[in-house]
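This report describes the fold of one protein and then turns to selected residues. The sequence and the structure are shown first.

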Amino acid sequence: MKKLLSLCLFFSVVLSGCGFHLQNNTEIPKQFQTMTFYSHDPYGQLSREIKNVLRENNVKLLNSDEKRDFPSLQILNHSITKDTISIYPDGKSAEYQLILIVNAQVIIAGDDIYPLTVKVFRTFFDNPASALAKSTEQNLIEQEMYNQAAKQLIGKLKSISVLDKKPISYDKN
């Protein structure tokens with residue numbers, strides 16, 4: 001029993017020492033625990049994913065007509081492009097690279113505007129013989145890309161918090 005306990009203690013020290021943390025436990029800085037959210041497409045898939053990720057991280061979302069003293073996350077635009085990577089011998093596209101680009105900004109009242117850009121890449125094998133199945137597969141891949149972009153945007157809030165810290169002054173006493 002003592003060996004098992006000491007083994008668990010050893011692995012917990014090793015995992016915490018290397019910076020490992022569970023995937024859904026993004027540390028949201030305290031200044032972003034309450035914020036407003038704006039999007040050009042408030043009911044779109046990306047907006048819903050971002051709101052879900054914010055709620056999973058216990059962020060309180062305010063309505064736009066409430067106080068403006070809180071930070072605001074604004075989605076400016078997003079797009080998915082489709083580039084051909086490989087082709088079949090008959091010249092039709094066989095493999096695509098899907099690229100999701102999300103441009104957003106965080107506005108901190110009385111401070112500054114911080115631009116954020118997130119890019120998510122995925123490959124997609126197309127088969128014209130099974131167009132319906134491939135269309136469904138592409139929709140699933142795009143949904144995963146929106147989810148990953150939302151997690152990356154929320155993760156970037158931590159970097160804004162680091163940038164916002166005031167420099168440390170050292171006393172010469």
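A polar contact is taken here as a pair of N or O atoms within 3.5 Å, where one atom must be able to donate a hydrogen and the other to accept it. The model under discussion is predicted.

**Overall architecture**

The protein contains three helices and five strands. Read from the N terminus, these elements follow the order α-β-α-β-β-β-β-α. Of the 173 residues in the protein, 31% are buried. The accessible surface amounts to about 11900 Å², and carbon and sulfur atoms account for 55% of that surface. When contacts between residues at least 6 apart in sequence are considered, 67% of them join residues at least 24 apart.

**The β4-β5 hairpin**

Strand β4, residues 93-107, pairs with strand β5, residues 113-125, in the antiparallel sense, and the pairing extends over 13 bridges. Within this pairing, L98 has R122 in β5 as its bridge partner. The two strands β4 and β5 form a hairpin with five residues between them. In the turn, G110 adopts a positive phi of about 75°.

| Residue | Relative accessible area | State |
|---|---|---|
| S72 | 7% | buried |
| N57 | 10% | buried |
| V14 | 39% | partly exposed |

S72 lies in strand β3, which covers residues 72-87. The side chain of S72 makes a polar contact with the side chain of T36 at 3.2 Å. Leaving aside residues up to four places away in sequence, S72 touches M35, T36, Y38, Q105, V106 and I107. S72 is classed as buried because its relative accessible area is 7%, and the limit for that class is under 20%.

N57 is located in the loop between α2 (45-56) and β2 (60-62). The side chain of N57 reaches the backbone oxygen of V53 at 2.8 Å. With a relative accessible area of 10%, N57 is buried.

V14 belongs to helix α1, residues 2-17. Which residues form a nonpolar patch on the surface together with V14? They are L7, F10 and F11, and the four residues of the patch, V14 included, have about 380 Å² of accessible area together.

Key: Residues numbered from 1 in each chain as written. Predicted model: local features only at pLDDT ≥ 70, side-chain atom pairs only at ≥ 80, totals over all residues. Heavy atoms only, no water. Patch = residues over 30% accessible without salt bridge, like charges linked within 9 Å, V, L, I, M, F, W, Y side chains within 5 Å. Areas by Shrake-Rupley, 256 points an atom, 1.4 Å probe, with all protein chains shown as cover. Salt bridge = Lys/Arg side-chain N within 4 Å of Asp/Glu carboxyl O. Helix = DSSP H or I, 4+ residues; strand = E, 2+ residues; numbered from the N terminus. Buried < 20%, exposed > 50% of the residue type's maximum accessible area, 1.4 Å probe, protein only. Contact = heavy atoms within 4.5 Å. Pairing = 2+ DSSP bridges.
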